[in-house]
Amino acid sequence: MKYAQLVMGPAGSGKSTYCSVMHNHCLSTGRTLRMVNLDPACEVFNYPAVVDVRDLISVNDVQEDEELILGPNGALVFCMEYLVQNLEWLHDELDEGEDDYFVIDCPGQIELYSHLPVMRQIVDALKSWDFNVCSVFLIDTNFVLEAEKFISGALTALSAMVAIETPAINVLTKMDLLSERNKQLVDEFLETDTRAIVDQDETVWNSKHRKLTRTIAQVLEDYSIVKFVPLNCEDEESIDQLLLTIDTTIQYGEDLEVKDNYPEEMDPEQE
Amino acid sequence: MAEKDVPSSSAASDPAPELQTGPNVDQKPSVLVLGMAGSGKTTFVQRLTAYLHARKTPPYVINLDPAVTKVPYPVNVDIRDTVKYKEVMKEFGMGPNGAIMTCLNLMCTRFDKVIELINKRSQDFSVCLLDTPGQIEAFTWSASGSIITDSLASSHPTVVMYIVDSARATNPTTFMSNMLYACSILYRTKLPFIVVFNKADIVKPTFALKWMQDFERFDEALEDTRSSYMNDLSRSLSLVLDEFYCGLKTVCVSSATGEGFDDVMTAIAESVEAYKTEYVPMYEKVLAEKKLLDEAEKKKREEEAMKGKAVHDLNKKAHGDEDDEDGLEAELKSKVDRIHLGGVDEENEEDAEIERA
């Protein structure tokens with residue numbers, strides 16, 4: 001069994017930062033995370049990638065091609081579709097060993113999840129290679145500082161989730177950039193019954209959409225997989241907590257424990 | 001083309017003293033055309049523009065997509081005149097996505113001028129159409145997108161039209177994902193929302209309408225394609241969407257053939273009424289939020305300018321000459337000149353009737 005986190009979210013949500021924070025955190029605790037960049041349009045990242053899709057194809061390559069006249073979005077779609085046609089390349093590059101844990105930086109564009117089958121195909125491929133996959137959907141906290149915007153964020157995460165059908169953890173990033181007041185506000189959203197928060201605001205719009213809001217809030221309540229986890233990149237404990245949540249979702253560590261208890265069953269080829 | 005001002009690094013739209021006490025509800029509406037890349041936003045705007053011209057009720061058209069190569073309709077204000085996308089990539093060393101965001105951010109600082117123009121011309125047009133960037137999150141999940149949306153909505157009736165590619169939406173999972181995203185935009189903007197099923201010439205969107213009217217039918221279609229893991233969640237989400245569809249305005253059009261566009265105008269008119277009753281009361285709150293966002297953006301830009309200065313200083317040190325402040329200012333100025341800020345102060349009056357390449 002191998003493990004993979006798929007890191008996704010709108011542009012600016014902090015995907016690359018998340019990846020480098022995770023990588024550094026695990027380095028300091030003696031864990032090996034193998035980092036993968038699957039975003040052909042990404043510009044720069046500061047984590048060591050064992051696989052980079054731009055070695056196969058990049059948006060720059062495509063846009064420079066004189067025969068294909070594609071804008072940035074068309075180029076991105078082209079790259080992803082090219083990747084899907086060359087999944088053996090990815091498999092070779094991953095060169096995964098038993099119990100390897102990958103963090104995969106994915107492109108943010110929602111079209112690639114909901115509109116096109118490409119991300120789904122990549123996820124299915126990973127599963128066929130014996131990977132346990134979990135999506136980590138990032139949203140910049142600054143965009144959800146209001147009950148309705150919070151719901152909006154949850155719906156965006158759900159939109160991606162239903163398309164690729166993996167367990168998902170939704171992460172609120174950039175908590176460290178919030179003012180004290182806003183931090184409290186976010187804590188309130190995360191701890192309180194979502195419906196209660198929404199009921200607070202009496203406006204014509206809220207009244208008109210009350211039933212819809214309640215139905216959504218119910219889903220958020222009933223399905224813990226849709227809950228949000230805050231992330232403060234400056235706080236080791238926050239990072240640790242998130243990692244633990246993801247590991248549990250991905251079922252990482254369960255097999256390891258069994259192996260520890262029954263050393264005679266340990267695969268001699270493994271370290 | 002009007003001579004451009006070169007803004008200093010700390011210039012941003014200062015919150016002007018508010019002369020109006022609330023949105024001007026009698027003004028002609030603005031329509032924000034949103035949708036996934038490839039859904040047909042630009043073609044929709046093209047067709048709607050032609051439709052309105054034919055009825056002698058021309059629209060005022062604004063293009064907010066900095067990366068589009070050809071704009072196939074006569075446009076009154078084009079972001080590409082204010083910011084040169086390719087130059088931004090070059091001058092700031094950015095990739096395509098970063099450049100789109102930067103273009104939008106730069107446009108955002110001038111957007112008050114755009115609002116002024118819209119208000120000034122309001123007597124002469126029937127509706128103002130805004131075509132948005134290809135990648136939807138450049139607009140829906142960005143500060144500049146929010147500022148632009150809120151600026152419009154605080155000024156006069158604003159309506160969101162969400163374009164759906166009917167051909168792709170025949171897949172129930174795609175349909176569900178798309179509708180959830182539409183719902184997320186509804187909650188983000190809180191503006192009257194119209195779903196436009198486009199490409200009706202390729203696939204009749206009646207399947208979509210049937211799914212929206214009959215929850216069971218949709219759930220059946222979904223069952224065939226979804227994995228057991230998602231069963232319960234999927235069904236619960238179908239219930240969410242069922243609520244979403246209540247009272248949701250939808251129109252089926254073909255931007256290619258022109259069918260359905262009478263319905264578009266009816267939907268817009270009805271939405272304006274909804275705007276008056278639902279949105280206007282929230283106006284004050286939104287305005288306060290916008291001010292906060294504006295200030296945050298201003299601060300960020302100042303920080304970036306400082307960063308640029310820091311990099312510049314480091315470069316200078318590396319090359320061994322401790323230069324003075326003027327060198328940096330001149331360099332910034334020439335950089336900004338090259339990306340051609342400005343051009344919004346007067347819209348393309350003379351070009352308004354001509355199709356622009």
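Of the 271 residues of chain A, 56% count as buried, where buried means under 20% relative accessible area, exposed over 50% and partly exposed in between, with a 1.4 Å probe and protein chains only. For chain B, 55% of its 357 residues count as buried. This is a predicted model, in which local features need pLDDT of at least 70 and side-chain atom pairs count only at pLDDT 80 or more, whereas totals for chains, interfaces and linings use all residues. Residues are numbered from 1 along each chain as its sequence is written, chains are lettered from A and ligands numbered from 1 in the order in which they are written, and side-chain values use heavy atoms, with hydrogens and water left out.

**Chain architecture**

- Chain A has 13 helices and seven strands, and chain B has 14 helices and seven strands; helices (H or I, at least four residues) and strands (E, at least two) are DSSP runs, numbered from the N terminus.
- In chain A, 74% of the contacts with a separation of 6 or more are between residues 24 or more positions apart, a contact being heavy atoms within 4.5 Å.
- In chain B, 79% of the contacts between residues at least 6 apart in sequence join residues at least 24 apart.

**Interface of chain A and chain B**

- The size of an interface is often given as the accessible area lost when the parts come together.
- The area buried between chain A and chain B is about 4700 Å², of which carbon and sulfur atoms give 63%; buried area here is the accessible area (1.4 Å probe) that two parts lose on being put together, summed over both.
- In chain A, the residues that lose the most area to chain B are H115(A), F143(A) and W205(A), which together make up 16% of what that side buries.
- In terms of contacts, 50 residues of chain A are in contact with 51 residues of chain B.
- Four salt bridges are found across the interface of chain A and chain B, a salt bridge being a side-chain nitrogen of Lys or Arg within 4 Å of a carboxyl oxygen of Asp or Glu.
- One salt bridge joins the side chains of K190(B) and E148(A), at 3.1 Å from N to O.
- The elements that give two or more residues to the side of chain A that touches chain B are α2 (59-64), α3 (72-85), α5 (111-115), α7, α10 (204-208) and α11 (210-222) of chain A, and the largest share of that side, twelve residues, comes from α7(A).

**Aromatic pairs and charges over rings**

- The whole structure holds 17 aromatic pairs over all chains; rings of Phe, Tyr and Trp (its six-membered ring) pair if their centres lie within 6.5 Å, and planes under 30 degrees apart count as stacked, over 60 as edge-to-face and the rest as tilted.
- The rings of F143(A) and W141(B) are edge-to-face, because their planes stand at 85 degrees, with the ring centres 6.0 Å apart.
- This pair crosses between chains, from F143(A) in the loop between β5 (131-140) and α7 (147-164) of chain A to W141(B) in the loop between α6 (137-140) and α7 (143-155) of chain B.
- Both partners are buried, F143(A) with a relative accessible area of 15% and W141(B) with 4%.
- W141(B) also has the charged end of R188(B) over its ring, 4.5 Å from the ring centre; a charge sits over a ring if NZ of Lys or CZ of Arg is within 6 Å of the ring centre and within 35 degrees of the ring normal.
- The charged end of R55(B) likewise sits over the ring of Y51(B), 3.7 Å from its centre.
- Within chain B, ring pairs link F175(B), F197(B), F207(B), W211(B) and F218(B) into a cluster.

**Individual residues**

- L90(A), in helix α4 (residues 87-94) of chain A, is buried with a relative accessible area of 2%.
- Leaving aside residues up to four places away in sequence, L90(A) touches L38(A), V51(A) and W129(A); L90(A) and L38(A) are 52 residues apart in sequence and 9.7 Å apart in space, C-alpha to C-alpha.
- D247(A) lies in helix α12 (residues 236-250) of chain A and counts as buried at 8% relative accessibility, and D247(A) touches R31(A), Y101(A) and Y252(A), not counting residues up to four places away in sequence.
- K56(B), in the loop between α1 (41-54) and β2 (60-63) of chain B, has a positive phi of about 60 degrees although it is not a glycine, and K56(B) counts as exposed at 71% relative accessibility.
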